[in-house]
Structures are given as C-alpha cells and as structure tokens.
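Please open the structure in your viewer and keep the selection tool at hand. Each stop of this tour names what to select and then describes what is there.

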Amino acid sequence: MNNPPRQEPEPGPDRLPEPGPRQDPDAPRDLVGIGIGPCNLSLAALAHPLDGLDAVFYEQRPSFDWHPGLLIDGATLQVPFLADLVTLIDPTSHWSFLNYLRTRERLFPFYFSEHFHIQRAEYDAYCRWVSRGLPALRYRHQVDAVRWNPERALFEIDFTQLDAHGEAEALGRTHARNVVLGIGTAPHVPDPLRPLADDPRVPVVHAADYLDHRAALLAAEHITVVGSGQSGAEIFLDLLRHRPAGREKLHWIGRTQAFAPMEYSKLGLEHFTPDYTRYFHALAEPVRDQLVSAQWQLHKGIDAATLAAIHGELYRRSMDGGWPDAVLTPGVRVRTAGRLATTKVELHLEHLQQGTRSRLTTGAVVLATGYRERPLGRLLAGLDPYMRRDNRERPRVDEEFRLVLDPSVTGSVFVQNAEQHTHGVGAPDLGLTAWRGASILNSVTGAEPYPLPARTAFTTFGLGEQRHRVPHARQARQLVPLIPLTEGR
Ligand SMILES: Cc1cc2nc3c(=O)[nH]c(=O)nc-3n(C[C@H](O)[C@H](O)[C@H](O)COP(=O)(O)OP(=O)(O)OC[C@H]3O[C@@H](n4cnc5c(N)ncnc54)[C@H](O)[C@@H]3O)c2cc1C
C-alpha cells in the first residue's frame with residue numbers, strides 16, 4: 001500500500017478577503033500566537049471573524065504540516081470529525097470540516113462513507129485549507145524570546161524570519177498585550193537509545209520520521225519497533241503488511257504490561273470534557289500528578305481497530321498452517337543499546353515482570369517512544385522573574401489557561417497543550433481544542449464572543465459544590481450546588 005498523494009488545497013476561492021493594512025504597523029497586537037499546530041490554528045480560525053481583534057500567529061515551518069512522518073495510509077484520527085478546528089464551539093463557522101468538504105464538492109461521498117473517524121491525511125489536508133485561508137498566519141517565523149516590558153506594559157516578542165532553506169534571513173520584534181503559546185510536543189527518545197538515534201550511520205529512526213525512512217527500514221533484514229502506544233502499533237502494522245509472508249522478521253516490544261486498548265467507553269470519554277477539565281484543575285497538585293500517570297490508558301493505549309487489524313493481518317498470514325515470523329512482547333524495556341559493525345544494532349532487553357534479560361540483534365529500529373511537551377523555558381526565560389511555579393517547578397496555569405505571573409504583569413500568556421499537569425489528560429486532545437481556544441478568546445476580548453456550554457458531561461465529577469458554568473474571564477462563577485447524597489445508598 002502506498003500513501004496517496006497529498007491533497008493540496010487550492011488557494012483562490014477558499015481565501016476570504018484580507019482586511020486592509022494596519023493603520024499603524026508598529027502598534028501593539030492584541031494577541032500574538034506562537035506555533036501553528038492544530039491548537040493555535042483553531043484559535044486563529046475562531047479569532048478570524050472577531051472584528052477589532054488584532055492577532056497574528058508565527059510558525060517556524062514553511063507551511064502547515066501535521067505529523068507528516070505518521071500520515072500512514074489508512075491511519076485515522078482517534079476523535080470524531082466533529083473535533084475539527086471549530087465545530088464544537090461554532091458549527092456555523094466557515095472553517096468547519098463539513099464546509100471544507102462542501103468547497104471540494106465531497107459532502108455527498110462523505111455522507112455515504114459514514115466515516116465518523118476520518119483519515120489523518122484528510123485532517124491534515126483540511127487544516128492546510130484553513131491555514132491557507134487565514135490572513136493572520138506568518139510562516140517561516142521562529143520565535144526566539146518573549147519578554148515583559150514594564151514601561152510599555154506590553155510583551156516583546158523577538159523572532160527570526162527564515163528563508164526557504166530554514167536559514168535566518170532577518171530579525172524582527174513585535175509587541176502584544178497577550179501571547180498564546182501553541183508550540184506543541186517534540187519527539188522523545190529515552191536516554192539508553194539516544195546514542196543510537198544520534199548516529200546517522202545506523203537505521204534508527206523516531207516514529208515521527210517513519211514515512212521518510214520507510215523504504216530504508218523495509219530494506220533491513222530484521223526490524224524492531226520499540227513502543228506499545230498507537231504510533232508503535234500503526235508502524236508495526238504497516239511494516240507487517242509490507243513484509244513477505246513467513247519472512248516478516250519483525251519484533252515489536254513495549255514497556256506496558258500488555259498491548260492495551262485505549263479506553264473508549266462513552267462514560268470514559270467524559271474525561272475529555274470541559275467538566276472534567278475543571279474538576280481536575282481544582283484538585284490538589286499531588287493528586288493531579290498521580291492521576292495523570294494512572295490514567296495512561298485514556299490516551300496512551302492503542303485503538304481497538306488498529307489492534308484488530310494487526311491480529312487480522314497475523315491471522316491471515318497463519319492460514320497456511322505456519323506462524324508469521326513476528327515476535328510481539330509487551331512488558332519489555334530496553335536497558336542499553338549499541339551498534340554492531342555498521343549495519344546492525346544490539347538491544348539489551350529486560351522483562352519487567354520476569355526480571356529476565358536478553359539481547360536482540362536487529363537491522364533497524366523504530367522508536368515509537370512518544371512525545372514530550374516542548375519546554376517553555378527557553379522562550380520564556382525573560383519572564384522567569386515573574387513566573388509562579390508549583391512544587392515541581394512547573395509553571396502554574398490558571399483555570400483559563402493563563403500562566404500565573406506576578407500581578408505587576410498586566411498582560412496574559414496563555415498556553416495550549418502545555419498544561420497537562422494542571423488541566424489533565426485532555427490537554428493534547430483535539431476534542432477540547434476549539435473549547436480551549438474559545439475560552440482564551442473570551443478572556444482576551446473581555447467579552448463573550450463564544451458562549452461556552454454550561455454542562456458537558458453526564459458524569460458529575462466530585463462531591464460538594466460543582467461548577468457547571470464556564471464564565472468568561474473575570475466574571476463571577478455560577479455555582480450549582482449538588483443535591484446532597486443520602487447516606488447508605
Ligand atoms: C501522530 C499523532 C497523531 C495524533 N492523533 C491525534 C488524534 O487523532 N486525536 C487527538 O485528540 N490527538 C491526537 N494527537 C495529539 C495532538 O492532538 C497532536 O499532537 C497535535 O498536533 C497537537 O497540536 P499542537 O498545536 O499543540 O502542537 P503541534 O502540532 O506540535 O504544533 C506546534 C507547532 O509549533 C511550532 N513551533 C514550536 N516552537 C516554535 C517557535 N519557537 N517559533 C515558531 N513556531 C514554533 C512547531 O513547528 C509546530 O508546527 C496526535 C499526535 C500525534 C503525534
């Protein structure tokens with residue numbers, strides 16, 4: 001199976017009219033966004049129709065590109081298409097996925113396809129259509145630093161303009177009353193594997209770069225996939241489908257006790273609601289920390305369809321009576337790794353339950369070892385004296401996604417997808433993206449351009465006073481008292 005060619009969105013009719021030039025190009029912006037992944041793209045789409053809001057968004061890449069190394073043919077979103085950039089907040093928005101389909105005259109085929117979970121490549125194409133239509137986006141702009149200027153009561157944002165090769169072309173500075181960071185996550189390589197990943201002579205690649213290296217990986221005599229999350233499963237399946245039956249020579253190992261399914265029950269999904277996010281934010285810091293790791297199966301498991309496809313592919317290959325030459329072992333960690341000559345890698349493995357150790361010689365390794373939030377420290381070094389931190393030195397983030405800064409700082413820095421420690425497992429979830437963006441815009445404008453739903457879950461999280469209503473910035477909260485529980489039920 002080959003990946004289909006990228007669907008390049010046409011400019012032209014999709015592009016809404018640009019506003020006229022700013023009267024004073026040096027005037028401070030109301031809002032500067034840093035990074036254009038789905039989170040800030042959603043915010044930019046929701047900000048677009050707000051008259052009088054002067055916002056600009058900077059992105060270091062040349063154009064929108066959503067995890068290009070993992071747009072594997074057939075891989076779908078783990079959320080329904082309704083979790084597009086705007087629909088859960090404003091289904092009438094020009095920038096909805098359904099409107100994207102309408103502009104392509106594909107609504108009828110989509111309707112008959114009955115696909116609630118669209119392909120990842122189609123989500124990427126939709127986002128690129130949105131990104132081409134929004135005039136406030138500036139690509140090839142790498143933001144280097146954010147500082148607070150107390151005299152002007154504004155944030156200073158320094159950026160480097162990059163040329164077509166990614167080299168610095170010019171330096172610039174802009175000023176803003178508010179900043180929103182949407183710098184996302186970066187591929188994570190565990191320490192024992194870092195020397196291998198840094199050595200260009202051996203075929204060891206992070207999952208984020210999988211498609212770029214797929215041909216080289218498939219050329220290896222034996223391939224090992226490390227990591228038992230969704231990416232590891234998708235890559236194992238893709239490699240399996242491309243290896244000859246009976247000569248697969250594949251290993252798939254991961255640290256989790258099992259190749260575990262992602263929690264996808266209806267009430268389980270209510271952990272990805274604004275109601276749960278608010279409940280989580282109000283918990284004590286140690287409880288929040290304990291919860292995030294305990295809830296790994298809500299976001300780190302493998303979706304059931306991928307597990308079924310893997311089993312189906314293995315079963316198909318066993319129908320002639322043999323077993324596929326594929327080893328799938330959970331509960332295994334890589335202790336150390338080294339290179340053998342120029343073409344082989346040796347992994348030193350440990351089984352976590354048995355306490356046994358062994359060595360695995362392989363020709364290529366895919367590190368499906370996940371992503372970590374990009375650290376804010378480098379960008380925000382200039383704000384360090386103003387920043388309020390928790391017991392583990394992480395930035396404190398208020399309920400409305402604002403970094404808690406010294407009260408002398410009158411502007412706000414918001415974060416998107418850097419607040420798992422304060423807002424819970426929903427932080428990276430696309431289903432909460434539009435809601436969080438709307439909440440930020442309500443705060444920035446001090447009005448309520450996007451009224452937010454008062455209640456979003458059937459589950460009532462916690463006892464006592466339950467907050468169902470989400471007020472916009474600095475409005476009094478409406479508390480809805482729960483009916484007291486009768487003892488002994
Ligand atoms: C393969 C994959 C599939 C996923 N699928 C789903 C899914 O189906 N459902 C779901 O809910 N979640 C999914 N996620 C999780 C999550 O939604 C995505 O990771 C999403 O891309 C997060 O968006 P983001 O805007 O926070 O960050 P990113 O998409 O990582 O974008 C951040 C952007 O900021 C830019 N940037 C960083 N620093 C700077 C700087 N200093 N100056 C300028 N630009 C900068 C980066 O270049 C990047 O383009 C998936 C994640 C992965 C890795």
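This is a predicted model: local features need pLDDT of at least 70, side-chain atom pairs count only at pLDDT 80 or more; totals for chains, interfaces and linings use all residues.

**First stop: the ligand.** Select the ligand together with the 30 residues around it; Glu59, Trp66, Gln78, Asn417 and Leu430 come nearest. Next, display tryptophan 66, where an N or O atom of the side chain is 2.8 Å from an oxygen atom of the ligand. At leucine 430, by contrast, it is a polar backbone atom that lies 2.7 Å from an oxygen atom of the ligand. Taken alone, the ligand exposes 980 Å², of which the protein buries 91%.

Now colour the shell by residue type: 14 of its residues are nonpolar, 11 are polar and 5 are charged. Helix H1 (38-47) and strand E4 (141-149) each supply at least two residues of this shell, and E4 gives the most, with 3 residues.

**Second stop: glutamine 416.** Select glutamine 416 in the loop between strand E17 (412-415) and helix H12 (420-423). Is this residue buried or exposed? Glutamine 416 is buried, because its relative accessible area is 1%, which is under the 20% cut-off. Its side chain reaches the backbone oxygen of cysteine 39 at 3.2 Å. Further along the chain, glutamine 416 touches residues including Val180, Thr433 and Ile440.

Select strands E12 (residues 332-340) and E13 (residues 344-351), which run antiparallel and are joined by 8 bridges. Leucine 340 has lysine 344 in E13 as its bridge partner. Finally, select alanine 341 in the turn, where phi is positive at about 50 degrees.

How values were computed. Residues are numbered from 1 along each chain as its sequence is written. Side-chain values use heavy atoms; hydrogens and water are left out. Helices (H or I, at least four residues) and strands (E, at least two) are DSSP runs, numbered from the N terminus. Buried means under 20% relative accessible area, exposed over 50%, partly exposed in between (1.4 Å probe, protein chains only). A polar contact is a pair of N or O atoms within 3.5 Å; within protein, one must be able to donate a hydrogen and the other to accept it, and residues adjacent in sequence count only if both atoms are side-chain atoms. Contact means heavy atoms within 4.5 Å. Two strands pair if DSSP finds at least two bridges between them. A residue is near a molecule or strand if one of its heavy atoms lies within 4 Å of it. Accessible areas come from the Shrake-Rupley method with a 1.4 Å probe; for residues, only the protein chains shown count as cover. Ala, Val, Leu, Ile, Met, Phe, Trp, Tyr, Cys and Pro count as nonpolar, Asp, Glu, Lys and Arg as charged, and the others, Gly among them, as polar. Lists of a residue's contacts leave out its neighbours within four places in sequence.
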